[in-house]
Amino acid sequence: MRTLLFAVLVMLVLACVSLLVGVTHMPVWAMLAGSDDGHAARILAISRIPRTLALVLAGASMAIAGLIMQMMIRNRFAEPTTSGTVEAASLGLLIVTIMAPELPVMGKMLVAAAFALAGTLLFVRLLRLVPLRDPLMVPLLGIMLGGVIHAVATFIAYRFDLLQSLLAWTMGDFSGVLRGRYELLWVGGLLAAVAWIAADRFTVAGLGRDFTTNLGLNYKRVLALGLVIVSMVTSAVVVTVGMIPFLGLIVPNVVSLTVGDNMRRAVPWVAVLGAIFVLSCDILGRIIREPYEIPLGTVVGVVGSAMFLWLVLRKRAHAA
Amino acid sequence: MILANEVTKRYGDAVVVDGLSVTIPKGGITSIIGPNGAGKSTLLSMLARLLKMDGGSVTVGGLDVTATASDVIARRLAILRQDNHLSARLTVRDLVTFGRFPYSRGRPTLDDKAHVERALAYLDLGALADRYLDELSGGQRQRAFVAMVLCQDTDYVLLDEPLNNLDMKHAQSMMKTLRRATRDFGKTVVLVLHDINFASWYSDFVVALKDGRLAAAGTVDEVIREDMLRDIYGMEIQVHAVAGQRIALYYE
């Protein structure tokens, strides 16, 4: 409990740093003294606070989506980028952008979420058809499925001259976050809270269908709730800031090593560490080559793939 | 009492359990025996509503298992299948606490916690309570799973080959624990067992299956007999009286 409070403190400090780092000069002291006629306050309200909130919300909710996915698929390496979920969400977003460009962003998100859910269900179906002995085959299958869906999306995007948008959805970037353009992420935050409330159900489902039925729960219903949350969170993130790779994989695994998988205990940890991870990567991307920015997706990709390799090799060593 | 009436399970053309009717008495230990593929585990899963029946019905203590709400059944009957592989990392205490889920819905009360501690002590898991399941041996893990279903505090406890993974010492202690649970708390324990001598030694009632049908059901004296076992297993098995129990010799 005390360590969790410490983690929350670290997150708050990073959030403050995130408020202060940026291209535009922001005279904090002058603002506090009230002698800059509201310039700094405007930057804060329009750009910095929305960006920081977006980072915290996206980081926390994507990490929780990964945790839920790992419980539902019962595989340590399952997360929205290794199950076709993200690719299906961006395909859905692409199609709704072409067919109904006037639809408000909330509607677009719902369409993307429906596609994400369909893609994930297809993945679950495939797993049932192809019994896999090696747990590492599960994410491979998901990545392949994602590759196929992405190829279809790329073909359509190429035809409609939307490759730029497709890239933006699959590559997380927070530099465009301004007031009025990130609020959808609150949906993700809300769903993360739902995940905490339903945490015990998800843990039970993570024990398997027979355990779940034995304890008097409807397995299919829990599975459906979990996958709907994952799909909604994924599409909210894809629509607003673009996908953040590896996040849902690394954070839950690190938490699992330290506090285990009882989701009632794991959810707050996963949320806070997810936010910390994304905040640090974004701050790093902003200061490495100031005044330019490296997109968050790139930074996370580099840091995340290294950590992913470490996790895989560690698992292998354990299994051997 | 568990009543199975004309229970049937098919996979495509293969009939695994074929119109089977049996009555399992309340109280004591009932063992289900029979050769591989006789339908023992399938029957157990259907008794516990884990597997859909293609025909027939099952009542447990008067409740129809398919028509009664699943959470009501969960307070009446607990089942543990074999090969419980968990990818989730839980401590022994976490797992056993989930046995209280049908009562607590995830918010364990003091009463639930007392049940958990009692179940841990009952299976001699006190020292391992805060260890993660993936750090335990197969036998210790098996005991943790059994502690969880006992913690569910149901009148009926169904276990599919609970002696798997256990060495002689732990197998003996598991059977004694289960027998104690039937004596102390009046539970009805139904087991699928491969070792007919464990079945013979500890059971109050034996159900024998062959080819998805009931081959025999009765007390140990009625079922563990040379003519019966020859029919059930299709081999010569001698039955000797040893220390007042019926022991089968089938090694040569």
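Guide: Domain bounds here come from an automatic or database domain assignment. This is a predicted model, in which local features need pLDDT of at least 70, side-chain atom pairs count only at pLDDT 80 or more, and totals for chains, interfaces and linings use all residues. Residues are numbered from 1 along each chain as its sequence is written, while chains are lettered from A and ligands numbered from 1 in the order in which they are written.

Visitor: How many Å separate the centres of domain 1 of chain B and domain 2 of chain B?

Guide: Chain B is divided into domain 1 (2-76 + 154-249) and domain 2 (85-153). Taken over C-alpha atoms, the centres of domain 1 and domain 2 of chain B are separated by 24 Å.

Visitor: Which element gives the most to the side of domain 1 of chain B that touches domain 2 of chain B?

Guide: 14 residues of domain 1 of chain B are in contact with twelve residues of domain 2 of chain B; contact means that the C-beta atoms, placed from the backbone, lie within 7 Å. On the domain 1 side, the elements that give two or more residues are β7 (156-160) and α7 (168-185) of chain B. Helices (H or I, at least four residues) and strands (E, at least two) are DSSP runs, numbered from the N terminus. With four residues, the element that gives the most to this side is α7(B).

Visitor: Which element gives the largest share of the side of chain A that touches chain B?

Guide: Between the chains, 19 residues of chain A are in contact with 22 residues of chain B. Two or more residues on the chain A side come from each of α9 (199-206) and α10 (209-214) of chain A. The largest share, four residues, comes from α9(A).

Visitor: How many polar residues does the side of chain A that touches chain B have?

Guide: Ala, Val, Leu, Ile, Met, Phe, Trp, Tyr, Cys and Pro count as nonpolar, Asp, Glu, Lys and Arg as charged, and the others, Gly among them, as polar. By class, this side of chain A has four nonpolar and five charged residues. The number of polar residues is ten.

Visitor: How many residues of helix α11(A) are buried?

Guide: Helix α11 (residues 219-240) of chain A reaches 32 Å from its first C-alpha to its last, close to the 32 Å expected at 1.5 Å a residue; the expected span is 1.5 Å times one less than the number of residues. A residue is buried if 20 or more other C-beta atoms, placed from the backbone, lie within 10 Å of its own, exposed if 12 or fewer, and partly exposed in between. α11(A) is mostly covered, and of its 22 residues the number buried is 16.

Visitor: Which residue with a positive phi follows α1(B)?

Guide: Helix α1 (residues 40-47) of chain B is mostly covered, with seven of its eight residues buried. Lys40(B) and Leu44(B) are among the buried ones. The residue that follows α1(B), with a positive phi near 60°, is Arg49(B).

Visitor: Is Ala243(B) buried or exposed?

Guide: Ala243(B) lies in the loop between β11 (238-242) and β12 (245-249) of chain B. Phi of Ala243(B) is near 50°, a positive value in a residue other than glycine. Because 6 other C-beta atoms lie within 10 Å, Ala243(B) counts as exposed.

Visitor: How many C-beta atoms lie within 10 Å of Asp211(B)?

Guide: Asp211(B) sits in the loop between β9 (205-210) and β10 (213-218) of chain B. It has a positive phi of about 50° although it is not a glycine. Asp211(B) is partly exposed, and the number of other C-beta atoms within 10 Å is 14.

Visitor: How far apart do the end C-alpha atoms of residues 292-313 of chain A lie?

Guide: An unreviewed UniProt entry places the feature "transmembrane region" at several spans of chain A, including 266-285 and 292-313. Such annotations may be inferred rather than shown by experiment, their positions are in the numbering used here, and feature names are shortened. Residues 266-285 are 100% helix, with end C-alpha atoms 28 Å apart. Residues 292-313 are 82% helix and 0% strand, and their end C-alpha atoms are separated by 35 Å.

Note on methods. Contact = placed C-beta atoms within 7 Å.
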